[in-house]
Amino acid sequence: MTTVDRTQVFLLPDLGEGLSEAEIVEWRVAVGDVVTVDQSVVEVETAKAVVDVPCPYAGRVVALHGAAGEVRPVGQPLITIAPLDGDGDGGEPVGHATYREEERAGSGNVLIGYGTGHAGAGRRRRRPRLALAPEPTAPPSGDPTAARTDPPAHPAPAGPPADRAPTAALVISPIVRRLARERGVDLAAVRGTGTGGVIRRADVEAAAAAPATRLAAVPEQPAAHVGLAPADGQDVVIPLTGIRKVIADKLSRSRREIPEVTIWVDVDATGLLETRAAINAATPDAPVSILALLARICLSGLRRFPQLNAHVDTEGQRIVQSAGVHLGIAAQTDRGLVVPVLRDAQRLTTRELAAALAETTAAARAGTLPPARLTGGTFTLNNYGVFGVDGSTPIINHPEAALLGVGRIVDKPWVVDGQLAVRKVTQLSLTFDHRVCDGGVAGGFLRHVADCVEQPALLVANV
């Protein structure tokens, strides 16, 4: 915090975990607004999460340092607050107070402290928003403005005043905003059913169910993640910032420093699927996923081959084997690839693993995991089979020493007791740091995992 002529300048807090900057997603306040202590004033996006930042001062906003889409370094001015002396009773209009209270109901992440970075601010282009589909019927040719008018997602009172404040001001959490973007819902057209008219997740889902406001399902238009050459022939320049920059830096460092080797094997996963079905039939209220069973098998393998639950300390010229298994789970999100971590996963039962995996991956995709939950892994499990592919040679999540990849499970011909049969087959791949072990250890680990997948009873014998 700095003070200038009785005004207080709130600096972008230290976000922790090595994060030195954040992008302004949306200001919750405007110049002239009155704020209270710990009121959320801005939503920012770091390389690992989207969080609301509360202001530790009360008063009137006199300056916002940065616009939406601008990247601010930690320790630089974020907002300037002036005291309310001489401004009457210092109160704010009821509408403003209601709006602020609604906005505070966001992600709930509180950032405290001050940073020390002094890098210059940068600006990057915001990601494009999804566009709503046009109305199914063509407008009269004589009305040039009708072509851009979309019907509301929910019935709204007829004839609102032209200068009425947009209902988008009542949107609260980043999760609701992200869901609206993903579903192609115009928040300005949604009537909130929450307290004070706040738009809830259920409102967005209901609006998405209305055909008039959903994205057009035109066969010739590809999915949003499919890239096409620009129609105008111009190159598309995408700044390498935020989470994309973190991913690029980490993977590049991994390739530079780690002499990685990948080995793989095809396995018959029929027995594993049957075991999962039996577990879930016995206790349907606490289902266990295939990923949870694979995680349990990995934990068993790391117990037998602890050399792979390690990292290389290049400065100390030593290999450090971790006492606990902090299991990373690669998860694809709309913000990019993240690897949330289950700390001391070896202490969890299989059911606890299943519950923790479900909760963690859901939070990762929603962008609500704190930075501390996205670092510190010692071994990573990557289920790239969800993308419909069989194999991969993944890059190790630096500074870890190994990563197990699992491909899709498909019907394939397989020899069982000398007879040809159709079985559920998948491919397992292990990428490992050749500095921590030789092929014998890596091959032994992968063979143990494969044997447990094919004969889950072996897992019981080793737990």
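Which residues point one way from strand 19, which point the other way, and are they buried or exposed?

## Strand 19 and its two faces

In this predicted model, A402, L404 and V406 point one way from strand 19, whereas L403 and G405 point the other way, and all of them are buried. In a regular strand, side chains alternate between the two faces of the sheet. Because five of the five residues of strand 19, which covers residues 402-406, are buried, the strand is largely enclosed by the rest of the structure.

## Pairing partners of strand 19

Strand 18, made up of residues 379-382, pairs with strand 19 in the parallel sense, and three bridges join the two. Within this part of the sheet, N382 has G405 of strand 19 as its bridge partner.

Strand 19 also pairs with strand 21, residues 419-433, here in the antiparallel sense and over five bridges. On this side, A402 stands opposite F432 of strand 21.

Since F10 lies in strand 2 (residues 7-11) and Y57 in the loop between strand 6 (50-55) and strand 7 (59-64), the pair ties together parts that are 47 residues apart in sequence.

Both partners are placed below the 20% cut-off for burial: F10 is buried with a relative accessible area of 2%, and Y57 likewise counts as buried, at 9% relative accessibility.

Note on methods. Residues numbered from 1 in each chain as written. Predicted model: local features only at pLDDT ≥ 70, side-chain atom pairs only at ≥ 80, totals over all residues. Heavy atoms only, no water. Helix = DSSP H or I, 4+ residues; strand = E, 2+ residues; numbered from the N terminus. Buried < 20%, exposed > 50% of the residue type's maximum accessible area, 1.4 Å probe, protein only. Pairing = 2+ DSSP bridges.
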